[in-house]
Amino acid sequence: MSPVKVLVPDDLGVKVLGESPALAAIRYEPGAVWPADGHDAEVVVVGFDNAAAVGAHLAELPRLRLVQTLNAGYEQWLPWIPPGVALSNGRGAHGGSSAEWVVAALLNIFRDLRSFGDQQAAGVWEHRSTETLIGKRVVILGAGDLAVNLAARLAPFETEVTLVGRRPRAGVRALDDLADLLPRADVLVAMLPADASTYRLVDGAVLAQLPDGAVVVNAGRGGAIHTDALLAELTSGRLRAALDVTDPEPLPPGHPLWSAPGLLITPHVAGSTEGAEERAWLVARTQIERHAAGGIPSNVVAGPGAAPE
């Protein structure tokens with residue numbers, strides 16, 4: 001059986017997929033015409049960017065059966081997937097590093113590390129006690145790879161973690177339960193995909209249910225949190241927050257979030273760590289090998305083989 005042809009957007013992909021005898025990796029340039037030897041490709045691997053530039057050309061591939069992303073986020077590709085083609089995402093590649101960022105942000109806030117850094121810069125030795133992550137009650141909006149990884153990394157801190165998903169199931173509460181969960185939550189973490197149902201899900205009414213001093217964290221998509229509502233809570237000093245994603249993004253100079261009190265901002269780097277690209281390509285290779293063997297990739301999120309919502 002001939003290897004399955006896979007169009008890939010970078011040289012690392014050629015290397016990693018080239019190590020599989022079931023796959024034949026062919027390099028393409030996003031936005032350019034497909035290479036001559038790739039017109040009969042069954043699979044195209046895509047990154048986070050260039051959705052319109054690449055997506056507009058997917059219908060030109062008559063044998064295309066699978067589009068594989070390198071990120072967990074896939075919403076920007078949905079409008080471009082031709083009928084009968086499956087879309088598989090990069091779930092499993094960045095969950096650990098994103099969870100690590102959340103833990104780091106919470107430790108920074110609760111242990112007041114930025115303030116101690118200011119003391120160091122000023123040459124001031126001033127002993128004082130801080131809050132602790134130990135024993136905190138954490139509500140995570142999301143129940144996928146990111147949320148499961150975060151729950152595992154919070155466990156050693158003896159935290160009480162509750163996952164909240166679209167529907168209730170074993171170990172997962174429903175969104176309808178938020179009114180019961182939020183008034184006693186020390187931390188609310190958003191790890192949600194971007195779609196109509198999650199846009200500004202964390203609005204003023206949701207934030208108002210959190211107790212004074214609670215910490216709001218977003219490591220999913222910026223649009224999940226209503227920016228103006230969060231700004232109002234931060235400005236009043238009632239809540240604190242850590243954002244790796246924002247709405248708008250990138251955050252423009254002069255935006256009031258930059259100077260909001262009690263806020264830690266990083267520029268969408270939670271999954272940007274050493275080895276991130278290699279991990280993403282290994283996940284992609286596993287998914288594509290399943291397709292090449294005649295199976296359904298476990299990460300299929302749309303098209304043939306996708307589980308119903």
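Let's start with Ala270, which lies in the loop between β12 and α9 (276-292). What you're looking at is a predicted model.

**Ala270 and its surroundings**

- Is Ala270 buried or exposed? Ala270 has a relative accessible area of 5%, and since anything under 20% counts as buried, Ala270 is buried.
- Leave out the neighbours within four places in sequence, and Ala270 is in contact with Ser97, Ser98, Trp101 and Asp244.
- Take Trp101 from that set: 169 residues separate Ala270 and Trp101 along the chain, yet their C-alpha atoms are 5.3 Å apart.

**The sheet**

- Seven strands make up an open sheet with parallel pairing, and reading across you get β8-β7-β6-β9-β10-β11-β12.
- Which strands stand at the edges? They are β8 (172-174) and β12 (263-265); each has a single partner strand, so one side of each has no neighbour in the sheet.
- Going from one strand to the next, the twist averages 20 degrees.
- At the β12 end, β11 and β12 run parallel and are joined by three bridges. If you want a spot to look at, find Ala242, which stands opposite Leu264 in β12.
- Helix α5 (residues 145-154) packs on the sheet, where it touches β6, β7 (160-165) and β9 (187-190). The direction of α5 makes about 175 degrees with that of β7.

**Val161, a residue in β7**

- Val161 is found in strand β7.
- With a relative accessible area of 28%, Val161 is partly exposed, because that value falls between the 20% and 50% cut-offs.
- Not counting residues up to four places away in sequence, Val161 touches Val138, Ile140, Ala151 and Leu154.
- Val161 and Gly142 are 19 residues apart along the chain, and 12 Å separates their C-alpha atoms.

**Salt bridges**

- How many salt bridges are there? The count comes to 14. As background, side chains of opposite charge can pair when their charged atoms come close.
- Asp112 and Arg128 form one of them, with their closest N and O atoms 2.9 Å apart. This pair links distant parts of the chain, 16 residues apart: Asp112 sits in the loop between α3 (95-110) and α4 (113-122), and Arg128 in the loop between α4 and β6 (137-141).
- Both partners are partly exposed: Asp112 has a relative accessible area of 27%, and Arg128 comes in at 25%.
- Arg240 forms another with Glu131, and here the closest N and O atoms are 2.6 Å apart. The two are 109 residues apart and link distant parts of the chain, with Arg240 in strand β11 (residues 240-243) and Glu131 in the loop between α4 and β6.
- Glu131 is partly exposed, at a relative accessible area of 35%.
- Asp212 and Arg238 also meet through their side chains in a salt bridge, at 3.0 Å from N to O. They are 26 residues apart and again link distant parts of the chain: Asp212 belongs to the loop between α7 (204-208) and β10 (215-218), Arg238 to the loop between α8 (227-236) and β11.
- Buried or exposed, for each of these two partners? Asp212 is exposed, with a relative accessible area of 62%, whereas Arg238 is buried, with 19%.
- There's a network too: Asp11, Arg27 and Glu29 are joined into one by salt bridges that share partners.

**Rings and charges**

- The count of aromatic pairs comes to one. In it, the ring centres of Tyr28 and Trp34 are 5.1 Å apart and the planes meet at 65 degrees, so the pair is edge-to-face.
- Tyr28 and Trp34 are both buried.
- Arg128, the partner of Asp112 in a salt bridge, also lies over the face of Phe116, at 4.2 Å from the ring centre.
- Lys136 has its charged end over the ring of Phe110, 4.6 Å from the centre of that ring.

Terms used. Residues numbered from 1 in each chain as written. Predicted model: local features only at pLDDT ≥ 70, side-chain atom pairs only at ≥ 80, totals over all residues. Heavy atoms only, no water. Salt bridge = Lys/Arg side-chain N within 4 Å of Asp/Glu carboxyl O. Helix = DSSP H or I, 4+ residues; strand = E, 2+ residues; numbered from the N terminus. Buried < 20%, exposed > 50% of the residue type's maximum accessible area, 1.4 Å probe, protein only. Pairing = 2+ DSSP bridges. Axes fitted to C-alpha atoms, helices over the stretch in contact; angles between N-to-C directions. Contact = heavy atoms within 4.5 Å. Phe/Tyr/Trp six-rings, centres within 6.5 Å; stacked < 30°, edge-to-face > 60°. Lys NZ or Arg CZ within 6 Å of the ring centre and 35° of its normal.
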